[in-house]
Amino acid sequence: MADIQAVRRKLIQFTAMLVYNADVRHWFTGSISDSPLKHGCVPGLNCYSCPGAISSCPLGSLQNTIGGGRIPFFVTGFLLLTGTLLGRVVCSFLCPVGLVQELLYKIPSKKIKKTKRSLKITRKLSLLKYILLALFVIALPLIFYLKNGIGSPFFCKLICPAGTLGAGIPLVIANESLRQAIGFLFSWKVLLSAAFIIVSIFMFRPFCRFFCPLGAIYSFFNKTALFGIKLDIKKCTHCNACTGPCKMDTLQVNDRECIRCGECIKRCRFGALK
């Protein structure tokens, strides 16, 4: 039963990634999709500039709206609705970046073991994504708009690997004019993306845990979201079988780091989770 659940989750993840990038005409042309659906957003992290992307990334849309001096009514409403319904279910089921990290983690290697000390460290490091949300997604685009009349999507521009792996590298490979324009920023993003790839082989979802502002936004809704893991407190014995082996280092079901993957359900011997 547990294996079937894991397979179903993977199928949903692959389906979401393909749907997000369904404009197959642009996959190998070195050009970006001009889909009219880009006026809207997908729930997960998927770069607007990915050649086949049919819609926009909510994180990029939020930065661009703030950097353009506009109040982000639409994207804020979208994030509120998605968060209220799903919370970090999006991270587990509907985010291509999460899927890529999980596949990298399956590569045979000596994994970083979870200990009491490492748990304390990773829990503290997981707060970094909230700092990145406040600084790179909100503050810097707003500050540069107020100073120069226009701001940039600083997180997308300087940190996010989704644009580099899904857009930058494929576009540079297929488009000769873009290859001639490569500079320091592209080299920096490629180096940073390579670091994320390497670390993901040894650690489960490092980008999601420590760097993703979108996951930080959805985490605010984890306690109250409509869909997710439901705990029957009357059946719970507080044995820690659900959270002890959790690769996201959760302290309790549905805390800010819980992505609702469902693996805890099979570990509970008392049927307290569903």
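Where is Phe28 found? Phe28 sits in the loop between helix H1 (2-20) and H2, with helices taken as DSSP runs of H or I with at least four residues, numbered from the N terminus. This is a predicted model, in which local features need pLDDT of at least 70 and side-chain atom pairs count only at pLDDT 80 or more, while totals for chains, interfaces and linings use all residues. Residues are numbered from 1 along each chain as its sequence is written, and side-chain values use heavy atoms, leaving out hydrogens and water.

**Surface around Phe28**
- Phe28 counts as exposed because its relative accessibility is 72%; buried means under 20% relative accessible area, exposed over 50%, and partly exposed in between (1.4 Å probe, protein chains only).
- Together, Leu18, Val24, Trp27 and Phe28 make a nonpolar surface patch of about 450 Å². Patch members have over 30% relative accessible area and no salt bridge, with nonpolar side chains (Val, Leu, Ile, Met, Phe, Trp, Tyr) joined within 5 Å and like charges within 9 Å; accessible areas come from the Shrake-Rupley method with a 1.4 Å probe, and for residues only the protein chains shown count as cover.

**Helix H2**
- H2 (residues 58-67) is mostly covered, with 9 of its 10 residues buried.
- Its buried residues pack against helix H3 (73-86), helix H7 (128-148), helix H8 (154-158) and helix H13 (213-219), contact meaning heavy atoms within 4.5 Å.

**Salt bridges**
- The count comes to 13 salt bridges, each being a side-chain nitrogen of Lys or Arg within 4 Å of a carboxyl oxygen of Asp or Glu.
- Glu102 and Arg205 meet in one of them (2.9 Å, N to O). Glu102 lies in helix H5 (residues 96-105) and Arg205 in the loop between helix H11 (184-202) and helix H12 (206-210), 103 residues apart.
- Asp249 forms a salt bridge with Lys114, with the closest N and O atoms 3.6 Å apart. Asp249 lies in the loop between H13 and H14 and Lys114 in the loop between H5 and helix H6 (116-125), so the pair ties together parts that are 135 residues apart in sequence.
- Asp249 is buried at 6% relative accessibility, whereas Lys114 is partly exposed at 34%.

**Thr243**
- Thr243 is in the loop between H13 and helix H14 (263-267), and is buried with a relative accessible area of 5%.
- Leaving aside neighbours within four places in sequence, Thr243 is in contact with residues including Lys114 and Thr250.

Conventions
Helices (H or I, at least four residues) and strands (E, at least two) are DSSP runs, numbered from the N terminus.
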